[in-house]
Amino acid sequence: MANFIPLLADDATPVIFVLGDSTADVGTNNFLHHSKARANFPHNGIDFPKSRATGRFSNGFNTADLLAKRFGLKRSPPPFLFLRTLKRHCKKHLLRGVNFASGGSGLLDITGSKQTVVPLSEQITQFASVCDDFTATIGPAATEAMLSKSLFFISIGSNDIFGYFKTKHRMPEDKFLSLLISAYSKHITTLYELGARKFGIISVPSVGCCPAQRLVQKHFNGTNGCFGAINDFAEAFHSALGTLLLNISSQLPGMKYSLGNAFRMTLDIIANPELFKFKNVRAACCGHGTLNAQGLCNSTASLCPDRRKYLFWDMVHPTQKASDLAAQTLFNGSQNYVSPINFAQLAKDN
């Protein structure tokens with residue numbers, strides 16, 4: 001893949017690299033022919049320009065897009081697997097970065113393996129190939145300088161947690177948490193060794209409150225509401241991730257980070273829906289059955305008329321409006337939600 005070089009961004013627009021799962025996937029899995037984790041069909045994308053189902057697990061744009069917009073891009077950089085299909089001379093005119101995120105993926109390679117997805121380890125291998133192309137085209141010094149100013153957004157972990165709670169005979173929770181944090185540490189260190197310095201990390205939201213997990217709560221505990229066990233784990237994950245980032249940033253010279261507390265963001269919206277102009281924070285806008293959470297969002301699914309009133313698009317993913325709220329908070333929110341600095345401060349911090 002020679003000459004795989006983004007149009008180098010000006011100082012106001014950093015080069016952006018996105019890694020993660022379906023919260024940030026902008027079409028990666030469309031290029032995996034056997035993938036079972038795809039969203040390139042209606043009603044997905046109903047509010048996207050021209051109502052296109054692009055592979056985003058959303059009614060419109062997702063958090064990766066809406067973050068990129070706040071840094072001066074029109075949307076997220078395109079998927080790595082899409083860029084591989086372009087003729088060489090097109091590539092350098094199109095880009096201000098690359099999106100590697102793959103729906104269904106996780107911190108662990110085993111997560112999503114039966115669905116045919118790109119785990120985070122492989123996403124980082126793909127990024128390494130992009131680094132090689134940079135180096136071959138603009139040289140090692142310019143590549144190092146560019147990567148040190150680039151932003152690396154990572155949104156991952158939910159699928160690992162979902163998988164753990166679906167497993168009948170599982171290891172103790174504290175051991176699994178240690179396994180996830182150890183994997184995260186390894187991935188961040190590998191990216192750092194490849195030249196990454198600025199990390200915008202989005203932690204796991206309160207996944208126990210998504211419509212699918214509300215059904216789990218009803219099934220196992222006979223009560224309505226969020227599934228507490230998985231929420232407790234998600235909260236512990238955020239806390240452990242904060243400790244990891246504090247420690248690892250002191251060991252890796254020049255590393256800077258911002259950690260978004262998606263757990264608190266989600267719970268605060270659910271506790272105060274009117275404040276954020278939501279009418280329904282329990283059910284999915286698109287789906288089948290109870291809470292629209294018993295079947296996938298597809299062309300035969302029931303569809304809410306006003307997506308702006310819903311927190312959840314489908315049984316697990318947020319609506320465009322919810323993603324936009326998250327992006328705004330990550331970009332310029334207070335330390336209550338994003339710390340030690342927000343993403344805008346991270347970009348400016350040289």
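## How the cysteines pair up

Count the bonded cysteines of the protein chain in sequence order and the pairing reads 1-2, 3-6, 4-5. A search of the whole structure turns up 3 disulfides, a disulfide being a pair of cysteine sulfur atoms within 2.5 Å. Keep in mind that this is a predicted model, where local features need pLDDT of at least 70, side-chain atom pairs count only at pLDDT 80 or more, and totals for chains, interfaces and linings use all residues. Residues are numbered from 1 along each chain as its sequence is written, and side-chain values use heavy atoms, with hydrogens and water left out.

## The link from Cys 209 to Cys 226

Cys 209 and Cys 226 are joined with an S to S distance of 2.1 Å. The torsion about their S-S bond is about 105 degrees, so this disulfide is right-handed. Cys 209 is buried at 0% relative accessibility, while Cys 226 is partly exposed at 25% (buried means under 20% relative accessible area, exposed over 50%, partly exposed in between, with a 1.4 Å probe and protein chains only).

## The other two links

Cys 285 and Cys 304 have their sulfur atoms 2.0 Å apart, and with -95 degrees about the S-S bond their link is left-handed. Cys 285 is buried at 1%, and so is Cys 304 at 5%.

Cys 286 bonds to Cys 297, S to S 2.1 Å; with 85 degrees about the S-S bond, that link is right-handed. Cys 286 is buried at 0% and Cys 297 is buried at 6%.
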